[in-house]
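Subject: Structure handover

Hello,

Here is the structure for you to look through. My notes follow below it.

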Amino acid sequence: MTDATLSDSPDKIRHPFRPGMVLALVLVAVFSLSALGALSAYAPEISNGDDGRGHALSRSAIGYGGLVKLLKGMGRPVLLSRGPLRGGVRDGLLILTPPLGREEEAFETLRWEAGSVLVVLPKWQVTQEIARKGWVREAGTLSAANALSVLPEDVRQGLVLSEDTAVTAPRLVGGGDRLIATGAPVRALRTLSGPGWTPVILDGAGRALVLTHDDTGLYVLSDPDLLNTQGMDEPAKARAALALLDTLGPSGQAVAFDLSLHGFTRPRSVLRLLLEPPLLGFTLCLLFAAALVGWQAMIRFQPHRHGRRAVALGKKALADNTAALVRLARREHRMAAPYAELIRAQAARAVAAPPSLSRDATTALLDRLAKRQGAETTFADLSAQADRARNAGDLMNVARSLIRWKLEMTRGRD
């Protein structure tokens with residue numbers, strides 16, 4: 001293990017990257033990660049949902065995007081619901097367009113969400129157009145059993161779904177044989193009948209197009225072509241669709257289309273919680289703190305120095321340990337006299353004093369030379385001062401005096 005260190009001089013430190021480039025890379029990475037997190041949290045709501053299925057976001061023939069656009073264009077309040085309404089349209093109309101294989105629990109929750117709930121039965125089997133996204137190709141009609149399977153079991157018992165083989169132009173008739181609208185031709189028009197159900201809208205031939213359940217008040221529309229985009233291709237069909245909705249509730253009421261049964265839900269997640277009040281403030285504070293940490297890291301950006309050894313090697317380690325023991329024993333002042341002898345020996349060597357001289361003779365020679373050089377203190381006085389040392393402060397004073405005496409006498413010669 002070595003004691004190698006980097007130079008402390010800033011001129012000798014070479015940065016591997018320019019700070020500006022590093023800052024730009026960090027900002028791009030932070031922005032990309034933040035955008036990815038936000039898009040992941042709100043992906044179900046950002047998607048336009050135009051996948052060709054039978055829901056309000058779909059603009060295909062079996063979708064209800066045309067009806068939504070028509071209602072909005074007429075100034076009717078329209079809500080595209082991605083979850084429980086929690087009383088949002090208590091006095092309005094909630095339209096459910098459940099697909100095959102719907103979730104039982106979700107449907108049971110939604111059927112009690114609004115004052116009026118209309119269930120539109122599915123009718124068509126379709127396949128996706130590969131070349132055109134959101135387009136579908138007709139593959140036949142669903143069987144009556146499959147179409148009725150989207151209803152709760154407690155209400156579909158005894159319900160019969162009939163299909164007209166010819167193209168029919170139904171006349172929408174309400175209670176008391178009141179004409180609601182004259183519809184356009186519909187292929188394979190479907191009607192409903194069954195015990196415990198009361199007809200609300202008929203087709204002019206006495207067959208029910210819309211029924212209401214006597215116990216639950218649930219509305220069921222037998223044929224989706226009366227409301228879907230395929231039914232909006234002629235003005236007469238659009239007028240008939242509006243008249244149908246007005247019959248089920250007051251004109252101008254709010255209309256909600258459920259999307260949750262088709263998977264367009266608003267899921268709860270940690271990311272959404274962090275990006276919405278009341279935790280949005282915490283997220284902003286956390287981002288600000290991270291920005292401060294990043295800024296602190298940028299302004300001190302340089303290669304780190306290697307740490308020194310905790311314990312030195314060789315003679316230095318021995319000297320350090322000896323000094324530590326002396327300091328621990330509080331015997332620093334006892335080093336004054338030996339240090340004075342060391343300085344005397346160094347001074348004698350510096351002036352080339354004969355080694356055969358005795359200690360007193362060598363001291364006398366050094367004092368004569370020091371006096372000739374203008375020194376004010378003799379070595380005998382310094383030696384006596386070293387003998388009188390009683391603490392570390394006295395030791396430092398003696399050491400400074402001895403060094404000064406040696407430099408004055410030898411003129412800095414080692």
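R111 counts as buried because its relative accessibility is 6% (buried is under 20% relative accessible area, exposed over 50%, partly exposed in between; 1.4 Å probe, protein chains only).

Before the rest, the ground rules. This is a predicted model, in which local features need pLDDT of at least 70, side-chain atom pairs count only at pLDDT 80 or more, and totals for chains, interfaces and linings use all residues. Residues are numbered from 1 along each chain as its sequence is written, and side-chain values use heavy atoms, with hydrogens and water left out.

Back to R111. It sits in the loop between α4 (104-110) and β3 (116-120). Helices (H or I, at least four residues) and strands (E, at least two) are DSSP runs, numbered from the N terminus. The R111 side chain has a polar contact with the side chain of E108, at 3.1 Å. Another polar contact, of 3.5 Å, links the side chains of R111 and D154. A polar contact is a pair of N or O atoms within 3.5 Å; within protein, one must be able to donate a hydrogen and the other to accept it, and residues adjacent in sequence count only if both atoms are side-chain atoms. Neighbours within four places in sequence aside, R111 is in contact with V117, P152, D154, V155 and T216 (contact means heavy atoms within 4.5 Å).

R190 is in strand β9 (residues 190-193). With 1% relative accessibility, R190 counts as buried.

**Helix α7**

L244 belongs to helix α7 (residues 235-248). L244 counts as buried, at 0% relative accessibility. Not counting residues up to four places away in sequence, L244 touches I201, V210, L221, L226 and L227. L244 and I201 are 43 residues apart in sequence, and 7.9 Å apart in space, C-alpha to C-alpha.

Helix α7 also meets helix α3 (residues 65-73): their axes come within 11 Å and cross at roughly 75 degrees. Axes are lines fitted to C-alpha atoms, for helices over the stretch in contact, and angles run from 0 to 180 degrees between N-to-C directions. α3 and α7 are therefore roughly perpendicular to each other (65 to 115 degrees; under 35 is roughly parallel, over 145 roughly antiparallel, the rest oblique). On the α3 side the contact uses L67, L70 and L71; on the α7 side, A238, A241, L242 and L245. By class, that contact has 7 nonpolar, no polar and no charged residues. Ala, Val, Leu, Ile, Met, Phe, Trp, Tyr, Cys and Pro count as nonpolar, Asp, Glu, Lys and Arg as charged, and the others, Gly among them, as polar.

**Helices α11 and α12**

The axes of α11 (residues 336-350) and α12 (residues 359-372) come within 11 Å, crossing at roughly 65 degrees. That makes α11 roughly perpendicular to α12. In α11, E341, R344, A347 and A348 meet R359, T362, T363 and L366 of α12. By class, this contact has 3 nonpolar, 2 polar and 3 charged residues.

**Whole chain**

The protein chain has 14 helices and 13 strands. Of its 414 residues, 36% count as buried. Among contacts between residues at least 6 apart in sequence, 62% join residues at least 24 apart.

Best wishes
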